[in-house]
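Here are some exercises to work through with the model on your screen. Try each task yourself before you read its solution.

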Amino acid sequence: MPLVNAKEMLTKAKAGHYAVGQFNINNLEWTKAILLTAQELNSPVILGVSEGAGKYMCGYTTIVGMVNGMLNELNITVPVALHLDHGSYDGAKACIEAGFSSVMFDGSHYAIEENIAKTKELVAICEEKGLSLEAEVGSIGGEEDGVVGAGECADPDECKMIADLGVTMLAAGIGNIHGKYPENWAGLSFDTLEAISNKIGDMPLVLHGGTGIPEDMIKKAISLGVSKINVNTECQLAFAAATREYVEAGKDLQGKGFDPRKLLAPGFEAIKATVKEKMELFGSVDKA
Ligand SMILES: [Zn+2]
């Protein structure tokens with residue numbers, strides 16, 4: 001099945017009180033692990049690409065070629081969206097050109113007026129081309145590709161202003177942060193989430209920084225309207241730990257253990273296990 005935008009899968013998720021996972025990709029192994037797991041679990045999935053990862057993988061057209069090739073070669077029949085994560089205005093336009101099916105425009109660092117103006121332009125382009133568009137209100141703390149923001153809660157009225165522009169889904173800061181959560185983290189602000197949810201009605205909400213949020217908080221967030229959850233760091237940690245174990249056990253020195261197809265296999269399996277765990281937690285299994 002060719003790439004689809006994220007609108008239908010997220011509308012269904014919101015109505016069905018589950019969430020679709022966005023898993024960020026970094027290379028071929030990452031992409032293959034996520035796609036195969038989604039297919040095995042009959043789950044819709046969103047592949048996330050940050051601008052940094054886009055550069056690393058030799059540009060957006062390379063990524064589109066790789067993902068489309070895999071959908072075909074692996075006979076993937078579940079809905080898959082290819083989504084730009086935290087895109088700049090120019091990055092979003094480049095991904096639309098390259099064949100992505102969904103983009104995020106992160107205008108959270110602009111004043112609300114400029115965020116609105118730029119989001120409006122992208123809404124028109126995405127509508128015309130059939131892509132889904134994610135907007136962000138209130139910066140999400142932690143570090144995302146070098147951009148460091150303090151954890152904050154979005155203003156529900158600003159959320160409503162951006163939602164009314166016709167975006168597909170909205171990322172709003174509710175005390176969540178990117179990367180590992182610090183010991184003294186205060187947790188998600190469900191009051192903020194509820195206030196935003198009440199303002200924006202049916203629009204799917206996106207929870208960034210899904211790594212390390214306790215399971216009960218994830219479930220509660222889904223019950224309050226979160227329909228897309230971004231997972232990035234957790235796959236990286238799982239991949240690194242499995243690779244470390246392989247090397248520390250000296251397996252790369254045994255026989256042909258240095259073969260990259262063997263060396264990268266434990267990390268590949270670790271990503272698959274992480275994605276499976278998340279899809280089960282988010283409730284997207286058998287929702288394709
Ligand atoms: Zn994010």
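**Exercise 1. Find what covers the buried residues of helix α1, then describe the two sides of the helix.**

Step 1. The cover of the buried residues of α1 includes the strands β1 (20-24), β3 (80-87), β8 (169-172) and β10 (226-231). Helices (H or I, at least four residues) and strands (E, at least two) are DSSP runs, numbered from the N terminus. The model is a predicted one: local features need pLDDT of at least 70, side-chain atom pairs count only at pLDDT 80 or more, and totals for chains, interfaces and linings use all residues. Residues are numbered from 1 along each chain as its sequence is written.

Step 2. In α1, residues 7-16, the buried ones are M9, L10, A13 and K14. A residue is buried if 20 or more other C-beta atoms, placed from the backbone, lie within 10 Å of its own, exposed if 12 or fewer, and partly exposed in between.

Step 3. Look down the axis of α1: the buried residues fall within an arc of 130°, so they line one face of the helix. The arc is that of the directions from the helix axis to the C-beta atoms.

Step 4. On the other side of α1, A15 and G16 are exposed. H17 follows the helix, and its phi is positive, near 55°.

**Exercise 2. Compare the reach of helix α6 with its expected span, and sort its residues by side.**

Step 1. Helix α6 (residues 112-129) has 18 residues, and from first C-alpha to last it reaches 25 Å, close to the 26 Å expected at 1.5 Å a residue. The expected span is 1.5 Å times one less than the number of residues.

Step 2. N115, T119, L122 and C126 are the buried residues of α6. They fall within an arc of 70° seen down the axis of α6, so they line one face of the helix.

Step 3. These buried residues pack against α5 (89-98), β4 (102-105), β5 (132-137) and α7 (156-163). Contact here means that the C-beta atoms of two residues, placed from the backbone, lie within 7 Å.

Step 4. Turned away from the buried side of α6 are the exposed residues E113, A124, E127 and E128. Just after the helix, G130 has a positive phi of about 80°.

**Exercise 3. Describe how α7 meets helix α8.**

Step 1. The axes of α7 and α8 (residues 190-200) come within 9 Å and cross at roughly 35°. Axes are lines fitted to C-alpha atoms, for helices over the stretch in contact, and angles run from 0 to 180 degrees between N-to-C directions.

Step 2. P156, C159, K160 and A163 of α7 meet A195, I196, K199 and I200 of α8.

Step 3. By class, this contact has six nonpolar, no polar and two charged residues. Ala, Val, Leu, Ile, Met, Phe, Trp, Tyr, Cys and Pro count as nonpolar, Asp, Glu, Lys and Arg as charged, and the others, Gly among them, as polar.

**Exercise 4. Is P79 buried or exposed?**

Step 1. Locate P79 in the loop between α4 (60-73) and β3.

Step 2. Count its C-beta neighbours: there are 22 inside 10 Å, so P79 counts as buried.

Step 3. Leave aside neighbours within four places in sequence, and P79 is in contact with V4, M9, P44 and A288.
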